[in-house]
Amino acid sequence: MKYYTTLIAILLGLTGCIRSTSNDYRTENSLTELKQDSFKYAIVRYAGKLAKRASFESKFDQRYDDEYRNMASNMQLDKYYENPKDGYTYFQIRRIAPSIHERYVATGGRLKRDDQGKITDYEEIYRTWKMDKSVLEEKTVSFFDDMVKGKDLSPYYTENIGDTEHIEFPDNQTYFNKENRRWEMISSDSSAVK
């Protein structure tokens, strides 16, 4: 009987740890709705697609502001964490993906800002495959937690796990170019292409 009581106590303790970890990343624990909107707008020109008629060089032009505001409003900021150890703000955004059925794609990344709030460092660490919302929510708990803890995410890559219910990018052909702040393909001569 004592063995079972100890086992139950350990399992309940582990469950509490798992719950508290995922709850620590809930956006509403850190940001008001207004600040969530502001954050999404700050990253949408990187995390979203290009505005119509915009190029990578012109995407910050004021004429695209309304289109990017609309894109940001259609994103959900699922997870958010300001890490005092490394100075990064970690985030995960979700948006509806083009699909016959309702599917979503999530992007996890991190950034740093200067004293004026300007983004000085921006990197997307993973992008998921299209998934049902419930599956996406379940899977990304591990991705996000491991990302914040600086763990290797390659065990979740398609080439290693063999399915399309985990991380789509990066892979052996696609990587995130931190300097250009976008996903790029590796060409056969190992140079990045747009």
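I take a polar contact to be a pair of N or O atoms within 3.5 Å; within protein, one must be able to donate a hydrogen and the other to accept it, and residues adjacent in sequence count only if both atoms are side-chain atoms. I note that the model is predicted, that local features need pLDDT of at least 70 and side-chain atom pairs pLDDT 80 or more, and that totals for chains, interfaces and linings use all residues. Residues are numbered from 1 along each chain as its sequence is written, and side-chain values use heavy atoms, with hydrogens and water left out.

**Entry 1: Ser154**

I looked up Ser154 and found a polar contact of 2.7 Å between its side chain and that of Asp152. Ser154 sits in the loop between helix H4 (133–148) and helix H5 (158–161); helices (H or I, at least four residues) and strands (E, at least two) are DSSP runs, numbered from the N terminus. Ser154 counts as buried because its relative accessibility is 19%, where buried means under 20% relative accessible area, exposed over 50% and partly exposed in between (1.4 Å probe, protein chains only).

**Entry 2: the nonpolar cores**

I define a nonpolar core as a set of buried Ala, Val, Leu, Ile, Met, Phe, Trp, Tyr and Cys residues joined through side-chain atoms within 4.5 Å. The largest has 23 residues, of which Ile43, Phe91 and Tyr122 touch the most other members. Helices H2 (33–47) and H3 (65–73) and strands S1 (76–82), S2 (89–97) and S4 (119–128) each supply at least two residues. H2 gives the most, with five residues. Apart from this core lies another of 13 residues, among them Tyr25, Tyr88, Tyr126 and Phe144.

**Entry 3: Phe39**

I then turned to Phe39, in helix H2. Phe39 counts as buried because its relative accessibility is 4%. Phe39 and Phe91 are 52 residues apart in sequence and 9.7 Å apart in space, C-alpha to C-alpha.

**Entry 4: salt bridges**

I count a salt bridge when a side-chain nitrogen of Lys or Arg is within 4 Å of a carboxyl oxygen of Asp or Glu. The structure holds 14 of them. In one, the closest N and O atoms of Asp37 and Lys40 are 3.7 Å apart. Both residues lie in helix H2, three residues apart, about one turn of the helix. Asp37 is partly exposed, since its relative accessible area is 37%, whereas Lys40 counts as buried at 8% relative accessibility. I also recorded a salt bridge between Asp61 and Arg63 (3.1 Å, N to O). Arg110, Asp121, Glu123 and Lys178 are linked in a network of salt bridges.
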